[in-house]
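Okay, everyone, quick one from me today. Have a look at this while I talk.

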Amino acid sequence: MDAKELTAKTPDQLKDQLVALKKEAFNLRFQQATGQLESTARMRAVRRDVARVKTILNQKAAEAAASN
């Protein structure tokens with residue numbers, strides 16, 4: 001997931017994306033705890049995607065606050 005893709009989305013779409021990523025992160029942690037996780041690299045990628053989405057949301061909020 002690129003930051004460019006995320007900047008094109010609306011804040012509502014970003015919030016939905018964030019919820020989906022957090023659910024995936026939870027499921028991956030659960031799989032790791034039970035020994036069923038096959039790709040540990042996916043955990044890192046999901047964590048970074050969550051951080052990207054949060055960063056873009058904060059940037060959009062700052063832009064909205066500055067424009068008011």
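This is a predicted model: local features need pLDDT of at least 70, side-chain atom pairs count only at pLDDT 80 or more; totals for chains, interfaces and linings use all residues.

Numbering runs from 1 along each chain as its sequence is written, and side-chain values use heavy atoms, with hydrogens and water left out.

So, helix α3, residues 41–67. Helices here are DSSP runs of H or I, at least four residues, numbered from the N terminus.

Which residues of α3 are buried? Met43, Val46, Asp49, Val50, Val53, Ile56 and Leu57; buried is under 20% relative accessible area, exposed over 50%, partly exposed in between, with a 1.4 Å probe and protein chains only. Their cover includes α1 (3–7) and α2 (11–34).

Take Val53: beyond neighbours within four places in sequence, its contacts (heavy atoms within 4.5 Å) are Met1, Leu6, Leu14, Gln17, Leu18 and Leu21.

Now the core. The largest nonpolar one (buried Ala, Val, Leu, Ile, Met, Phe, Trp, Tyr and Cys joined through side-chain atoms within 4.5 Å) has 13 residues, with Leu14, Val46 and Val53 making the most contacts inside it. α2 and α3 each give two or more residues, and the largest share, 6, is from α3.

Last, Phe26 and Phe30, 4 residues apart in α2, so about one helical turn. Phe26 is partly exposed at 47% relative accessibility; Phe30 is exposed at 52%.

Definitions and conventions:
The expected span of a helix is 1.5 Å times one less than its number of residues.
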